[in-house]
Amino acid sequence: MDLIISLLDEPLLLLFVILFIGSMLGQAKVKGLSLGTSGVLLVAMLFGHFGYQISATVQNLGLSLFIVAVGLQAGPRFFRMMRSSGLVFGIIGLLIVLVAAVTTVVVSKLFGLSPALSIGLMTGALTSTPGLAAALQATNDPLASVGYGIAYPFGVLAVVLFVQLLPRMLKIDLVKDLHQTVDPVRNERSPEVITIEVTNPSINKHTLKELRFNQYKSVVISRVIRGDRNIIALNDTVILQGDRLVAVGLREDLDQICNDIGREVQAHFKNSDHVKLRKVVVNSEEMIGRNLRELELRRTYGVTVTRMERGGFEFNQNSKWRMERGDVLTLVSSEDRLNDVEKLFSKNKLTVTNVHIFSLSLILLIGIVVGMIPIHLPQLGTLTLGVAGGPLFVALLIGHFGKIGPIRARFFQPSNQVIRDIGLVLFLAGAGTTAGQGLVEVVQREGLSLILGGAFITVIPIFVGFLLARKLFQLSVVHSLGALCGGLTSTPGLGAVNQLIDSDDPSIAYAAAYPFALIFVAIAAQLLVFFL
């Protein structure tokens with residue numbers, strides 16, 4: 001025993017013991033639920049209770065890495081959603097955080113909890129580790145970690161139970177409800193698919209290249225139906241009068257091409273030529289940053305891209321749109337050609353490293369300097385963004401633009417998860433050991449107040465968030481639950497929703513609300529200091 005105690009006095013060994021035991025605990029599942037990386041926090045709190053301490057430098061290093069990775073990941077989606085119908089989900093995420101913040105103020109006053117403990121409860125109830133980071137920076141009090149650790153398990157469980165039980169209690173047909181209610185995922189800028197019968201004799205016996213259909217801006221001809229035959233639409237494909245063209249594009253452009261060449265018809269045909277439609281995910285480093293014009297897929301491979309999806313939202317294909325990892329392309333061609341192109345987008349070229357140390361260091365340097373700048377709020381005082389807010393703000397901007405001067409943010413995408421996970425566990429190890437020093441005393445002193453306070457801060461935003469999505473924005477139950485999980489930053493909750501229905505809609509709503517909630521929780525954690 002003395003040997004073990006003496007070994008734990010070595011800081012590096014102590015760190016990896018905490019990470020090892022914490023990750024083991026986090027992987028353990030009970031009825032499909034697990035603590036994940038929060039297992040590291042709980043183990044670190046236990047070690048902290050017995051007097052062990054992880055260096056503050058290690059904690060701040062982990063915090064900075066984690067926050068930068070989050071910002072680079074959320075940046076492109078965050079600003080893009082603000083210009084689209086995804087703003088509806090962003091508003092829901094904002095309102096959920098706002099309700100949680102107001103509930104936190106009430107709970108703090110009602111039970112007489114300290115500001116750090118109250119804000120920690122909020123971040124734990126919302127299962128938001130970036131929020132905890134912001135809370136620690138704003139309060140400079142390890143009690144925030146205590147509140148987080150107490151509220152987190154209930155926050156996870158409550159959301160999972162809510163999304164599973166609500167549809168059963170309301171006896172709602174989720175598929176039917178989805179098709180009968182407002183669908184903000186599709187909007188006026190979403191592409192449509194129609195079939196056009198060629199009736200204009202001037203079109204007869206001309207190739208697609210000669211007809212210059214690119215004058216219709218968004219329209220893409222994906223295939224030509226001639227009798228029972230399906231012909232892949234290529235530049236040298238000859239169009240005959242009576243052919244039916246399958247066109248994808250925006251409604252106004254589709255209406256224009258219909259008026260010029262023929263009329264819209266319902267397509268009922270046999271696909272005897274086995275022309276396939278396939279969704280392909282951009283995953284190759286060689287494709288990231290390139291656009292469709294450079295690839296010339298139609299000329300080189302005989303494959304047509306009809307639409308593109310990013311961040312859960314579908315857009316008309318744009319030859320100038322530079323691809324990002326995770327983009328989804330809808331392709332039309334024969335199976336063998338699709339296989340070739342799918343390999344093109346999915347193959348990974350091994351590199352010496354995926355992390356551009358110069359860019360990472362510069363982002364952190366600028367972010368920390370920005371975090372030190374005092375911000376004066378009238379009648380509230382002065383605050384700084386700190387080690388959490390500064391790097392997050394800078395990473396969001398750079399993540400949005402992809403490249404600013406010598407800084408290459410897109411280069412991080414293959415390794416973003418690794419940077420985030422390493423930073424997160426280092427931060428949780430440091431925060432946990434600091435919080436653990438006063439854990440028992442706080443629990444003995446506050447006791448039931450902590451449990452009830454965490455429960456209120458979890459349950460009230462859940463019910464209010466769902467009612468807002470359902471009643472105010474008239475969303476389907478599926479979209480409401482997906483947005484709710486995003487607003488509460490609850491990935492386990494999303495997993496539970498996905499088990500209820502075979503659809504991408506919950507994930508789309510989650511993906512749209514999550515970045516907003518992520519940012520707003522961090523902001524709320526810092527502003528609440530002035531109200532508690």
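This briefing walks through a protein chain, from its overall make-up to a few individual residues. The model is a predicted one, in which local features need pLDDT of at least 70, side-chain atom pairs count only at pLDDT 80 or more, and totals for chains, interfaces and linings use all residues. Residues are numbered from 1 along each chain as its sequence is written, and side-chain values use heavy atoms, leaving out hydrogens and water.

**The chain as a whole**

- The protein chain holds 22 helices and 17 strands; helices here are DSSP runs of H or I with at least four residues, strands are runs of E with at least two, and both are numbered from the N terminus.
- Of the 532 residues in the protein chain, 52% count as buried. Buried means under 20% relative accessible area, exposed means over 50%, and partly exposed lies in between, using a 1.4 Å probe and protein chains only.
- Contacts are heavy atoms within 4.5 Å. Among the contacts in the protein chain with a separation of 6 or more, 80% come from residues 24 or more positions apart.

- Helix α7 spans residues 129-139 and is mostly covered, with 9 of its 11 residues buried. Among them are Thr129, Pro130, Gly131 and Leu132.
- Helix α6 (residues 115-125) packs against α7 at an angle of about 170°, with the axes 9 Å apart. Axes are lines fitted to C-alpha atoms, for helices over the stretch in contact, and angles between N-to-C directions run from 0 to 180 degrees.
- The helices α6 and α7 are therefore roughly antiparallel to each other; angles over 145 degrees count as roughly antiparallel, under 35 as roughly parallel, 65 to 115 as roughly perpendicular and the rest as oblique.
- On the α6 side, the contact is made by Ala116, Ile119 and Thr123, and on the α7 side by Gly131, Leu132, Ala135 and Thr139.
- Asn140 sits in the loop between α7 and α8. Asn140 counts as exposed because its relative accessibility is 69%.
- Asn140 is not a glycine, yet has a positive phi of about 55°. As background, most residues other than glycine have a negative phi.

**A cluster of aromatic rings**

- The whole structure contains 4 aromatic pairs. Rings of Phe, Tyr and Trp (its six-membered ring) pair if their centres lie within 6.5 Å; planes under 30 degrees apart count as stacked, over 60 as edge-to-face and the rest as tilted.
- Phe162 and Phe463 have ring centres 5.2 Å apart and planes at 80°, so this pair is edge-to-face.
- Phe162 belongs to helix α8 (residues 143-170) and Phe463 to helix α19 (residues 448-472), so the pair ties together parts that are 301 residues apart in sequence.
- Phe162 is buried, at 11% relative accessible area, whereas Phe463 is partly exposed at 45%.
- Phe162 also pairs with Phe466: their ring centres are 5.9 Å apart and their planes lie at 75°, so this pair is edge-to-face too.
- This second pair links distant parts of the chain, with Phe162 in helix α8 and Phe466 in helix α19, 304 residues apart.
- Phe466 counts as buried because its relative accessibility is 7%.
- Together, ring pairs join Phe162, Phe463 and Phe466 into a cluster.

**From α19 into α20**

- Gln474 lies in the loop between α19 and α20. Gln474 is partly exposed, with a relative accessible area of 44%.
- Gln474, a residue other than glycine, has a positive phi near 55°.
- Ser480 is part of helix α20 (residues 477-487), and counts as buried because its relative accessibility is 0%.
- The side chain of Ser480 reaches the backbone oxygen of Ser476 at 2.7 Å.
- Leaving aside residues up to four places away in sequence, Ser480 touches Phe466, Ala469, Arg470 and Leu475.

**A residue in helix α11**

- Asp255 is found in helix α11 (residues 251-261), and counts as partly exposed at 33% relative accessibility.
- Asp255 and Ile196 are 59 residues apart in sequence, and their C-alpha atoms are 10.0 Å apart in space.

Definitions and conventions
Polar contact = N/O pair within 3.5 Å; in protein donor to acceptor, adjacent residues only side chain to side chain.
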